[in-house]
Amino acid sequence: MNRFSVHIHGWLLLLPAAVLLVLFTHYPVVATLYHSFFSTPRGSVPPVWVGLENYRQMIDDPVFWQALTNNLWFAVGTIPLSIALALLMAIWVNGKIQGRSFLRLAYFTPTVLPMIAVANIWLFFYTPQYGLLEQITGFLGWPSHNWLGSRDTALACLIAVAVWKEAGFFMIFYLAALQQIPPNLNEAGAIEGAGRWYFFRRITFPLLMPTTLFVLVNAVINAFRLIDHVVVMTRGGPDNTTSLLLYYVYEVGFKYWDSAYAAALTMVLLLGLALLAIAQFAFFERRTHYQ
Amino acid sequence: MLNPIKKALVAIALIAAGIAQAQTTEISFYYPVAVGGPITKFIDGFVADFQKENPGIKVNSIYSGTYQESLVKALTAHKSGTPPVTSVLLSTDMYTLIDDDAIVPFDGLASSAEDQAWLNSFYPAFMANSRTGGKTWGIPFQRSTIVLYWNKELFKEAGLDPNRPPANWKEMAEYAQKLTKRDANNTTQWGVQIPSTGFPYWLFQGLTTPNGVELMNAAGTETYFDNPAVIEALKYWVDLSRAQKVHPPGVVEWGTTPKDFFEKKVAMIVTTTGNLSNIKANAKFDFGVAMLPASKRRGSPTGGGNFYLFKKSTPQQQQAAFKFIKWITSPERAAQWGIDTGYVAVRPDAWNTPVMKKYIEGFPPAAVARDQLQYAVAELSTHENQRVTKALNDGLQAALTGAKTPEQAMKDAQAEAARILRPYKR
């Protein structure tokens, strides 16, 4: 075979994957970018070029800013907590304890359940007066509270659901990584007289860094991607206090039918996520030790 | 090889099949399900009966999810070129569908005098959301109004006449005060509950209408959210919750409101007539159904779904769908549909059918919604409908959670609505 046919061969092997990727990932991104510079077609009125008008509209849109702020709080609330919990649970079920596999299964269950079902169950937990949470606080003699219906607690309630849902999933990755750590390191540490905390800080945690990076990237993406529970539990209310960015994109696109503005919002969301991912890799790459 | 006779027979059979094919008109029909009960079974039954009577028409009934999902599916299909021929969608989606050039009015198809009479056979209150600019764009099908449900047992316990619901706002507040039970630091039973998630604007119209004010003009280009009577109505709602503390605080979930009523956590609830079958089946106590309490007058908005005809379909298909819609809204079927689902039968003559008369005799509360229709007004619907109602919903939730005063909330909502509707005011 000459060089040319080798090339052809290579490209042909690549083709199926490349076609799918272009069709469902790259083309939609480019099309979205393109449409974000046009007005929304209405009935018989075709779209016209409006340049950056859709982006300018965003600056004056209070709901967009609120959704963005909510989303940042949602990320701050879910990411560190779910990762810390995942690590804790992984270390716990990695030890030699009774009923270990049952415990692992229990921790992983929330991940298996569909988010819509989960949200409906939690909706009942939060129901004022006779919901599970209210029954517990009522038993303790605390005053009743409308958890999802008040501005101060609605977003926190959604964060709790997301943490509960995600921690088990991340735990699986940590568990797998923990089992990759050679046991002789443990023995060496014991001989040198390293305490458990010291051993974790100096050996376990650094060795888990590649997993932490992977989990972190996923957690960040999920913080901006998960909105099923918003749809079921609050629909963005009360008064937009639980509206997340992607939910707002959905509202603009499929409730208001303003597809051009929705495209512009999508681009901002995409750009934000891309920047975050790049920053994470750049920052952690230097601190990550791959075995 | 086939012999010549066989060949001829085959040819004839093929031609005959071709003719039959040409005579059958296929129409697709999207319908949402928004209340409990085996709704799909009822619809399939109707469709089967219709096809038996009209062999030339094949109706493909497609269950399309909630109202919101149905609209998304129908409009997306319209934009890609193949919408359903007919669909049941919210009556308030009328302006959205017109603005997208997705539907045709029924007037062009209703050519005969009989058809014209049919167009005028529905309750005028339902037609308020089905007509604009002198044309009929929707045909009422699964329509509702808001009513008050009350728990007769709890009324008795509180020393109230169990057969006398509150007739006006003053009485509702007084009754609610007597019906609210508190222990050391908790309220164990609330007097009254008006849900405020999902579509609070609709339930709010159950307060503004009795207060003698409408929220928009008939052309759907103007709103009146900052009218003093509107602010007064919101103040009444907020005061029940925040000042008198006889209504649960904050935003109250629409979905769990019937359950709160079953659990006796609340003595009176305000919700759709569409919940009647559900409450009848699940309330383990004697309950009553009443018209909404009056302030300056009686009143409630209508709600629910209409039939629409989509533009991107052939004239034959539109004719066939027209026939189907006429058939399914006949008095007998409107009555049967109302009994099966709890929706309000959409035309006066449906209430004079023997089945309906018998049903009401056995279950008088079913007639309350009908009696209220004479006071009913159109549900809030404008151009850019979802955006405008969202502005009002946000304002209502802000006031109910105490983030804004009723005055401020309604002024902000009005300013936002006016901004959205500016392009339509010519």
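Analyst: The C-alpha centres of domain 1 of chain B and domain 2 of chain B lie 32 Å apart. The domain assignment gives domain 1 as residues 4-144 + 303-367 and domain 2 as residues 145-302 + 378-424 of chain B, with bounds that come from an automatic or database domain assignment. This is a predicted model, in which local features need pLDDT of at least 70 and side-chain atom pairs count only at pLDDT 80 or more, whereas totals for chains, interfaces and linings use all residues. Residues are numbered from 1 along each chain as its sequence is written, and chains are lettered from A and ligands numbered from 1 in the order in which they are written.

Between the two domains, 26 residues of domain 1 of chain B are in contact with 23 residues of domain 2 of chain B (contact: C-beta atoms, placed from the backbone, within 7 Å of each other). On the domain 1 side, the elements that give two or more residues are α4 (94-99), α6 (124-127), β7 (139-151) and β12 (302-310) of chain B; here helices (H or I, at least four residues) and strands (E, at least two) are DSSP runs, numbered from the N terminus. Of these, α4(B) gives the most to the side of domain 1 that touches domain 2, with four residues. By class, that side of domain 1 of chain B has 11 nonpolar, 12 polar and three charged residues (nonpolar: Ala, Val, Leu, Ile, Met, Phe, Trp, Tyr, Cys and Pro; charged: Asp, Glu, Lys and Arg; polar: the others, Gly among them).

Strand β7(B), one of the elements on that side of domain 1, also pairs with β11(B) in the antiparallel sense over four bridges (two strands pair if DSSP finds at least two bridges between them). In this pairing, B:Leu148 stands opposite B:Ala290 in β11(B). In a regular strand the side chains alternate between the two faces of the sheet.

Strand β1(B), residues 25-31, is mostly covered, with five of its seven residues buried. β1(B) pairs in the parallel sense with β2(B), residues 57-63, over seven bridges, and B:Ser28 has B:Asn60 as its bridge partner in β2(B). β1(B) also pairs in the parallel sense with β3(B), residues 86-90, over two bridges, where the bridge partner of B:Phe29 is B:Thr86.

B:Gly65 and B:Tyr31 are 34 residues apart in sequence and 7.7 Å apart in space, C-alpha to C-alpha. Leaving aside neighbours within four places in sequence, B:Gly65 is in contact with B:Pro32 and B:Ser70.

In total, 27 residues of chain B are in contact with 24 residues of chain A, and the elements that give two or more residues to the chain B side are α3 (67-79) and α17 (385-400) of chain B. The largest share of that side, five residues, comes from α17(B). By class, the side of chain B that touches chain A has eight nonpolar, 10 polar and nine charged residues.

Two backbone details remain. Most residues other than glycine have a negative phi, and most peptide bonds are trans. B:Glu384, in the loop between α16 (368-372) and α17 of chain B, has a phi near 50°, a positive value in a residue other than glycine. With 21 C-beta neighbours inside 10 Å, B:Glu384 counts as buried. B:Lys245 likewise has a positive phi, near 55°, and its place is in the loop between α10 (228-242) and α11 (257-262) of chain B. B:Lys245 counts as partly exposed, because 17 C-beta neighbours lie inside 10 Å.

Methods
Buried ≥ 20, exposed ≤ 12 C-beta atoms within 10 Å, placed from the backbone.
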